[in-house]
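Student: I have a model open and some labels to check. Can we go through them one by one?

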Amino acid sequence: MRNRNAPLSAADLDSLAWDKVNGLLPAVVQDDVSGLVLMLGYVSRESLAATIDSGFVTFYSRSKERLWMKGETSGNRLRLVELRADCDDDAVLILADPEGPTCHTGAASCFAHQPAGAAWLGVLSRIIADRADASEAESYTARLLAKGVEKIAQKIGEEGVEVSLAAVTRDNAGIAEEAADLLYHLSVLLQAKGMRWDDVTQILRERHKI
């Protein structure tokens, strides 16, 4: 009996509802860091096995009628993080780490106008991670990371005070500006400590039983 709370392994593939959907399952690919929905593809039993074996997302191409590793031509592969099945075992969620833009247009995602709300913190984390390797002359983020945790912590303290002051002296737009500065600097701290927003939100989920 498969543990439905655990990610799919190679041993679990036979338990999926292949016959229900003529041997192909729809697969939603989601950025493991940002939560951005990257694309939708179709997988066969063989392509999922290849995904697990290679560590890179492999689909079944209905037009070419063969297995197709995403990025095999462009180099923009999707590094596998985790596989999950839905409640009916007839669809798959693939959490992945994209190596470049996923869409053939050069966009990060095949779906426009996302993400919204708190999910954007994940996108911000990826932007900060990318800028960590940039030139300090070109990137404030790179300069701040180079100064170390103590300087970042100092900036967080300053921004926290600015949020508090804005709460009593400025309008909602002003509060939003200061809160954005605080969240940015918190994101830089998480990057410096090798952490992600998931480490924070997981605690909130556990506290509120979500």
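Student: Why are helix 3 and helix 5 called oblique to each other?

Tutor: Their axes cross at roughly 55 degrees. Angles under 35 degrees count as roughly parallel, over 145 as roughly antiparallel, 65 to 115 as roughly perpendicular, and the rest as oblique. Helix 3 and helix 5 are therefore oblique. This is a predicted model: local features need pLDDT of at least 70, side-chain atom pairs count only at pLDDT 80 or more, and totals for chains, interfaces and linings use all residues. Residues are numbered from 1 along each chain as its sequence is written, and side-chain values use heavy atoms, with hydrogens and water left out.

Student: Which residues make the contact?

Tutor: Contact means heavy atoms within 4.5 Å. Helix 3 supplies Tyr-140, Thr-141, Leu-144 and Leu-145. Helix 5 supplies Tyr-184, His-185, Val-188, Gln-191 and Ala-192.

Student: What makes up this contact by class?

Tutor: It has 6 nonpolar, 3 polar and no charged residues. Ala, Val, Leu, Ile, Met, Phe, Trp, Tyr, Cys and Pro count as nonpolar, Asp, Glu, Lys and Arg as charged, and the others, Gly among them, as polar.

Student: How many helices and strands does the chain have?

Tutor: The chain has 6 helices and 6 strands. Helices (H or I, at least four residues) and strands (E, at least two) are DSSP runs, numbered from the N terminus.

Conventions: Axes fitted to C-alpha atoms, helices over the stretch in contact; angles between N-to-C directions.
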